[in-house]
Amino acid sequence: MPLGMYALRIVGNAEDADDIVQNAFIKAWQQICSGKDIENFKSFMYRVVRNDCISFLRNQKPAADLDNIPEVDEEVVDTSERDARIWRAIDDLPEKCRRVFLLSKRDGLSNQEIAEEMGISVKTVTNQMTKAFRRLRDALSSGKGSYRADVFFLPFL
């Protein structure tokens, strides 16, 4: 999933990003099957994904500005891993809670608008947001690396 987040940031479309990552794994498999040694698999995969994203963009928009695509470095990998971890935590929220959270943070709806769209009370929206933040904070504060709850106030992934 971190590779998918990285590709998505470059190409801007989830389906295209998924295809690019799948092709990168096929290329890795072909390298391994041909007997070539891949010393740093993670680095190899990010490099292949980056190059395939650039090729994809060139084919889609021949005049695309490819100079703004960052080189693969530790910060890019860390950001992709962080984004993937956030999305996993969001996906793990109960359905109603996840929907309220995404309508608020991704779509920018007010609590009143969410309540009207979902046919629930504003108080329920508030409770679901509180529940979402608590669960996300708990999920993101455990495991490898610790992410503060204010990570959600970054421009939404």
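Does Asp52 count as buried or exposed, and at what relative accessibility? Select Asp52 to start. At 15% relative accessibility, Asp52 counts as buried (under 20% relative accessible area; exposed is over 50%, partly exposed in between; 1.4 Å probe, protein chains only).

Before moving on, some ground rules. This is a predicted model, in which local features need pLDDT of at least 70 and side-chain atom pairs count only at pLDDT 80 or more, while totals for chains, interfaces and linings use all residues. Residues are numbered from 1 along each chain as its sequence is written, and side-chain values use heavy atoms, with hydrogens and water left out.

**Stop 1: around Asp52.** Asp52 sits in helix α3 (helices are DSSP runs of H or I, at least four residues, numbered from the N terminus). Show its neighbours. Leaving out residues up to four places away in sequence, Asp52 touches Ile20, Asn23, Ala24 and Lys27 (contact means heavy atoms within 4.5 Å).

**Stop 2: the largest core.** Select Ile10, Val11, Val49 and Cys53. These have the most contacts inside the largest nonpolar core, which has 23 residues (a core is a set of buried Ala, Val, Leu, Ile, Met, Phe, Trp, Tyr and Cys residues joined through side-chain atoms within 4.5 Å). Helices α1 (2-11), α2 (14-33), α3 (41-60) and α4 (74-91) each supply at least two of its residues. The most come from α3, with nine. Now centre on Val49. Not counting residues up to four places away in sequence, Val49 touches Leu3, Tyr6, Ala7, Ile20, Val21 and Ala24.

**Stop 3: a second core.** Select Ala89, Cys97, Leu103 and Ala132. They are among the 21 residues of a second, separate core.

**Stop 4: an aromatic pair.** The structure holds three aromatic pairs (rings of Phe, Tyr and Trp, the last by its six-membered ring, with centres within 6.5 Å; planes under 30 degrees apart are stacked, over 60 edge-to-face, the rest tilted). Select Phe25 and Phe41. Their ring centres are 6.5 Å apart and their planes at 45°, so the pair is tilted. Phe25 lies in α2 and Phe41 in α3, so the pair ties together parts 16 residues apart in sequence. Phe25 is partly exposed at 42% relative accessibility. Phe41 is also partly exposed, at 36%.

**Stop 5: helix α6.** Select residues 111-118. Within this helix, Ile114, Ala115 and Met118 are buried. Look down the axis: the buried residues of α6 fall within an arc of 100°, so they line one face of the helix (the arc is that of the directions from the helix axis to the C-beta atoms). Their cover includes α5 (95-105) and α7 (122-141). Finish at Gly119, which follows α6 and has a positive phi, near 70°.
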